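Please examine the structure shown below.

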Amino acid sequence: MRKWIIAAVVAAVFAVPGAALAQSPIIIKFSHVVANDTPKGKGALKFKELAEKYTNGKVKVEVYPNSQLFKDKEEIEALQLGSVQILAPSTAKFAPLGVKEFEALDLPWLFKDEATYTKAMKGTVGQWLFKKLEAKGISGLAYWDNGFHMVSANRPLLNPTDFQGLKIRISGSKIADQYFRVLGSIPQIMAFSEVYQALQTGVVDGCENTASNYLTQKFDEVQKHITMSYHAHLQYAVIVNTKFWNGLPADIRTQLDKAMAEATDYSNSIAVKENEDALAAMKKNGKTTFHELSPAQRLAWQKAMQPTYTWAKGRVGQEVLDLLSKELDVKMN
Ligand code: LMR
């Protein structure tokens, strides 16, 4: 009896990240919430292909797309418990981990274009943010791109006042909460897998996302108007449980690092085109009306959302804002 208890305790202690390691082949569960046919979905499948190839089948990667395994909030907990090994959540979803600083990346019109975004994430800011994860037992492996957000509702959103009173789904960031709130709308955090139905039934009136997510989730079929505002950026941090990752045999980890580096280059290289193609496909489908902002309208949005920058200090702290300001050569006030 006593032996059983000791065995059970030992098993429980080592089960957490060790369970996947004890198996042969080593199983890596990679869970995410979007469709396979998106930059992140394709990146995850590319990692699977390369990881299995480079380790000669010693590692098997199981990719679970579309919230099949876990929804937004649950997957982070699952990573800490060791029931999943790799995730790639949007950085807007990191606050429940106790790392609010990632939300600085959600500031409106922070990155003036894709090149600026890429430079920042490859530079000091990207690494600094990953360092923040260490204390949580989580390691950042890579940043994956998914371009800029559009915004939609059942009425045209062209002027800041058009947002008044609208319930807008957001993915988790308090910065996004704030920039919609200053426009007079009512932001609501909701898991990605629930958005389509919430839009369809009117639980929320609108949302923001990138073209590839709008198309693959069919949001364009339940939103009459989409504005190509590109007001904020969507990026992912690919993360692992540190104990699991560091517990891998060194030769295997080297191969997995290589697979991840190549999958990252691949995913980042297709992100812009994937979103352009998705936009073209939705325009062709003709289920919704697309709007562009005139320069004057964009300026009005920027002005209206500007107070988010002052507010952000209290949320994400001065340090990350200073880093971004230096890296991007922008003023944060
Ligand atoms: C969302 O919840 O809107 C996005 O983070 C989904 C994703 O992972 O692209």
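Across which strands does helix α2 lie? Helix α2 (residues 39-54) lies across β1 (26-31), β2, β3, β4 and β10, and runs at about 165° to β2. The model is a predicted one, in which local features need pLDDT of at least 70 and side-chain atom pairs count only at pLDDT 80 or more, while totals for chains, interfaces and linings use all residues. Residues are numbered from 1 along each chain as its sequence is written, and side-chain values use heavy atoms, with hydrogens and water left out.

**Sheet**

- Five strands form an open sheet with mixed pairing, in the order β2-β1-β3-β10-β4. Helices (H or I, at least four residues) and strands (E, at least two) are DSSP runs, numbered from the N terminus, and two strands pair if DSSP finds at least two bridges between them.
- The edge strands, β2 (59-64) and β4 (138-148), each pair on one side only.
- β1 and β2 run parallel and are joined by six bridges; the bridge partner of Lys29 in β2 is Glu62.
- Strands β3 (residues 86-87) and β10 (residues 233-241) run antiparallel and are joined by two bridges. Leu87 has Ile239 as its bridge partner in β10.

- Helix α10 (residues 250-285) lies across β1, β2, β3, β4 and β10, running at about 15° to β4.
- Axes are lines fitted to C-alpha atoms, for helices over the stretch in contact (heavy atoms within 4.5 Å). Angles run from 0 to 180 degrees between N-to-C directions.

**Ligand**

- The residues surrounding the ligand (a heavy atom within 4 Å of it) include Val33, Lys40, Ser90, Phe192 and Tyr236.
- Oxygen atoms of the ligand lie 2.7 Å from an N or O atom in the side chain of Arg169 and 2.8 Å from an N or O atom in the side chain of Asn209.
- A polar side-chain atom of Asn213 is 2.9 Å from an oxygen atom of the ligand.
- The ligand taken alone exposes 270 Å², of which the protein buries 98% (Shrake-Rupley method, 1.4 Å probe).

**Leu97**

- Leu97 is found in the loop between β3 and α4 (114-122).
- Leu97 is buried, with a relative accessible area of 5%.
- Not counting residues up to four places away in sequence, Leu97 touches Ile76, Gln80, Leu133, Lys136 and Ile138.
- The C-alpha atoms of Leu97 and Ala232 are separated by 22 Å, and these residues are 135 residues apart along the chain.

Key: A polar contact is a pair of N or O atoms within 3.5 Å; within protein, one must be able to donate a hydrogen and the other to accept it, and residues adjacent in sequence count only if both atoms are side-chain atoms. Buried means under 20% relative accessible area, exposed over 50%, partly exposed in between (1.4 Å probe, protein chains only).
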